[in-house]
Amino acid sequence: MRLARLAASVSALALSVTGVTLALAPASSAAGSSVYSVAPYVDMSNSQEGLLDTAVTGHQLKAYTAAFVLGVGCNQIWGDTLPIGNDSYTDPEIARAKAEGASVIISSGGASGEPLAWTCSTQSSIDAGYQPIINDYGVTQLDFDIEGAAIADTAAAARQMQAMKDLKAANPSLQFSMTLPVLTSGLTGDGVNILKAAKNAGIKIDVVNIMAMDYYAGTGTEMSQGAISAAKATLAQMQSVDSGYTYANLGITPMIGKNDDGSTFTLADAQTVETFAAQNSVGRLAFWAITRDQACGGSANSLPTCSEISQNSLAFTDAFVPYEGSGGGGGTGTDFSLALSPGSASVVQGGSATAAVPTAVTSGSTESVGLAASGAPSGVSVSFSPNSVTSGGSSTLTATVGSSVAAGTYPITVTGTAASGSHSATYTLTVTTTGGGGGALTNAGFESGSSSPWTCTGGSAVVSTPVHSGSHSLQVTPSASSTGECDQNVTLSPHTSYTLTAWVQGPYAYIGVTGGASANTWSNSTSWNQLKVSFTTGSSGAVTVYVHGWYGQSNVVADDFTLG
């Protein structure tokens, strides 16, 4: 989940611009929203900023996100190491884009830096540091991009939310977004804690902007569907913290072209995501980055300066800009959305399963939504508690399986009906007799002394300490820019439920499966703990079992896998 590679050095902080007027009027939108509905990022430190001028003057771009301001102690600098408000490169470029009709969001943090609240522990200095960004650049929106170890810093997150509360009191029209990494299954636990920090401070994040990129789930990942899955899951997580969140509070930011994990976000993916955003009135569409929105020329082959795919210059900008004029960021009529979390379950005969059914107001006002289920086989009953909710609220689905229900997989349609219309989601119920047959992993305890037949990235290797049992375990080694991972391909029984378990220790230790099934779970612990994740195979029975650790974090150690 790379958003930039920025060098940082300490510079004196200057808070004024001589001879340059930087007040920027907000861009208008068809929906009348004060949150810019299209605002791709621009890396203000990689000498490609000329593309911004072309995007504004020739491609109707109305807003963009300037990245990145970095905290250095209790001072701030741009990524090119010059102080905010007095950067001889960045400031004139922002002023020029403003003169050409584009509004700007200033973003702090990124992959190689942190916002001021993470580098300064004095609340008054944090507040006093953010205010000059608002004053000097005339902005009404600030973005805070939190990545790597910073996302787990709960004290800094609390300082950040207090600063936003203080700044909004002094600047009533101020909007702010938190840009956070996601998996296709949504935010990490630390990302959810960012939302909780806002709730605890008594404020609401205007846009929770997800980095729909670098899932490290294999180069075959379908990136548009990954982004949509992440968006749906994140909204459910947002509403679990504050039921007032809607799609209007969600932003989607893919990395265009080739991602760091080798997957590719194509122009077709951009169209699919834009269509999803329009259907759901998503609050913001962005991408990393305008300064990459071009094919590589000559010997250039670098993620910060090109997409590494065949494309016309600013083709992704052209794909997203129409969302601004289509009423993006908020609809005019009343409507709602409905989701299921989780969307599937495996239940032994005679057992039961539950799922949350969150709803959201996607446009207009709240309304009563009645819930019903159809398609359940004989012997399976589906109930809701409550049977109807006010849009924005949540119900609980309970599926009860009789002891004589035949084993198999059954799609059940859950429908919400309101005055504005109806929306449906599919709940996939798998009925088993014993919880699934066995399926053996080879070298599951790594006692052979080598990783084979596991395939691993980077410096990952079998080690003799620490171990959970026996003489060896597997050490997965992430780097500063990529996730470390080890995989094993196995073929299991088709349409069968399994449970994968493993003992792990380390930050952001993930186990899961991809391919013919998709499921994962994770923990963040310095001591051994057992992870378990259930899944149901598809028609081929083939899956890839994996363990990985998060980029920018220390090693993850895994041992004693089981699959049955």
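**Salt bridges, helix packing and backbone**

Tutor: Happy to, and keep in mind that this is a predicted model. Let's begin with glutamate 100, which counts as partly exposed at 28% relative accessibility.

Student: Which residue does glutamate 100 form a salt bridge with?

Tutor: Its partner is arginine 96, and the closest N and O atoms are 3.3 Å apart. Arginine 96 is partly exposed too, at 45% relative accessibility.

Student: Is aspartate 53 buried or exposed?

Tutor: Buried, with a relative accessible area of 7%.

Student: And what about lysine 168, what does it pair with?

Tutor: Lysine 168 forms a salt bridge with aspartate 206, the closest N and O atoms being 2.8 Å apart. This pair also links distant parts of the chain, as lysine 168 is in helix H5 (residues 154-170) and aspartate 206 is in the loop between helix H6 (189-201) and E8, 38 residues apart. Lysine 168 counts as partly exposed at 21% relative accessibility, while aspartate 206 counts as buried at 15%.

Student: Which residues do salt bridges with shared partners join into one network?

Tutor: Asp53, Arg96 and Glu100.

Student: Back to the helices, then. At what angle do H1 and H2 pack?

Tutor: H1 (residues 50-58) and H2 (residues 90-99) pack at about 5°, with their axes 10 Å apart. Angles under 35 degrees count as roughly parallel, and H1 and H2 are therefore roughly parallel to each other.

Student: Which residues meet there?

Tutor: From H1 you have Leu52, Asp53 and Val56, and they meet Glu93, Arg96 and Ala97 of H2. The residues of this contact divide into three nonpolar, no polar and three charged.

Student: What else do the buried residues of H2 pack against?

Tutor: Besides H1, they pack against strand E2 (63-72), strand E3 (75-78), strand E4 (103-109) and helix H4 (123-137). The buried residues of H2 are Thr90, Asp91, Glu93, Ile94, Ala95 and Ala97.

Student: Which residues does a cis peptide bond join?

Tutor: Tryptophan 288 and alanine 289 are joined by one, with omega about 0°. Alanine 289 is in the loop between strand E12 (284-285) and helix H9 (315-320). Threonine 465 and proline 466 are joined by a cis peptide bond as well, with omega about -5°. Proline 466 is in the loop between strand E23 (461-463) and strand E24 (473-476).

Student: Last one: what do the side chains of serine 497 and threonine 536 form?

Tutor: A polar contact of 3.2 Å. Serine 497 is in strand E26 (residues 497-515), and serine 497 counts as buried at 2% relative accessibility.

Conventions
Residues numbered from 1 in each chain as written. Predicted model: local features only at pLDDT ≥ 70, side-chain atom pairs only at ≥ 80, totals over all residues. Heavy atoms only, no water. Axes fitted to C-alpha atoms, helices over the stretch in contact; angles between N-to-C directions. Helix = DSSP H or I, 4+ residues; strand = E, 2+ residues; numbered from the N terminus. Parallel < 35°, antiparallel > 145°, perpendicular 65-115°, else oblique. Contact = heavy atoms within 4.5 Å. Nonpolar A, V, L, I, M, F, W, Y, C, P; charged D, E, K, R; others polar. Buried < 20%, exposed > 50% of the residue type's maximum accessible area, 1.4 Å probe, protein only. Polar contact = N/O pair within 3.5 Å; in protein donor to acceptor, adjacent residues only side chain to side chain. Salt bridge = Lys/Arg side-chain N within 4 Å of Asp/Glu carboxyl O.
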